[in-house]
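Trainee: Could you take me through one part of this model closely? I would like to look at the sheet and what surrounds it.

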Amino acid sequence: MSFLVVMDSCGELTEDMKESGHFASVPFLIDIAGSHFVDNERFDMKRFLRLVKESPTVARTACPSPERFRKLFSPEAERIYIVTISAELSGSYNSAKLAQDMEDEDHPGRKIHVFNSKSASIGETLIARKIWACEKEGYSFEHTIETVEAYIESQVTWFVLETLDTLRKNGRLSNFKAALVTALKIKPICSSTPEGAIQQAGQARGINKALVRMVEMAAEAAGHAEQKEIAVSYVECPERGQMVLDALKERIPAKNYILLPASGLTATYANEGGIIVVV
């Protein structure tokens, strides 16, 4: 094994990534209504979303510890890349940096780099795949880092939520406003900022109009995407995810298109029916 990419579990792995032997995922821990979940391949999405819907409080998440990151550092890997959810949204990036520092102290000179995705979910997936593409091309460690950091700067994440219940429960939306926008069927269209925070980029009446508008905005932002991968993730709504991906294919000529179910951590915030697009 010449290289290893370690992702926190906010990002999803495609089947070819799993089969390659070059990728590993370190899970977030999630607690809701007295139940404990590990965000890995055994995550029970249906049970989790049922508890989220029934609970008056939001789920609590814990990012991977530095030790959990280090446990995945294969001694055979000459180059280790770590990809985390945006540092603006979680402590996972800082935890990964601590893991890097600890590894540097124990094994001086080992090649490790931590990427702040400035994104989440499928955005991490595309970054990990970009690393893979650079390695396939035979790029040096330093050239790979430079290329992937530039790719991160070009990337934009978009999402539309079916329900605003999680935002209401965690205090980011008042009960009155949540009730008002629900009654009016207003769906915010959100995107990432250059720093990796979240901003409202627009809104529409009804989920279908919001998704159409999100696709339009993503297409406008994509620019020349012929050599890029376009990706969609979804929370328990595969038909909606496919519909959005098909609409993106019509609007954005790209090298490849990816559709994946969202991770448990993504579902914690996006909730059932949420759609995430990364261009």
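Mentor: Happy to! Two strands pair if DSSP finds at least two bridges between them, and helices (H or I, at least four residues) and strands (E, at least two) are DSSP runs numbered from the N terminus. This is a predicted model, where local features need pLDDT of at least 70, side-chain atom pairs count only at pLDDT 80 or more, and totals for chains, interfaces and linings use all residues. Residues are numbered from 1 along each chain as its sequence is written, and side-chain values use heavy atoms, leaving out hydrogens and water.

Phe3 stands opposite Arg79 in S6. Strand S1 (residues 3-8) and S6 pair in the parallel sense over 5 bridges. Together, 4 strands make an open sheet, ordered S2-S1-S6-S7, with parallel pairing. At its edges are strand S2 (23-26) and S7, each pairing on one side only.

Angles run from 0 to 180 degrees between N-to-C directions, and axes are lines fitted to C-alpha atoms, for helices over the stretch in contact. Helix H4 (residues 92-106) lies across S1, S6 and S7, at about 170° to S7. Helix H6 (residues 141-154) packs on the sheet too, touching S6 and S7, and its direction makes about 5° with that of S7.

Methods
Contact = heavy atoms within 4.5 Å.
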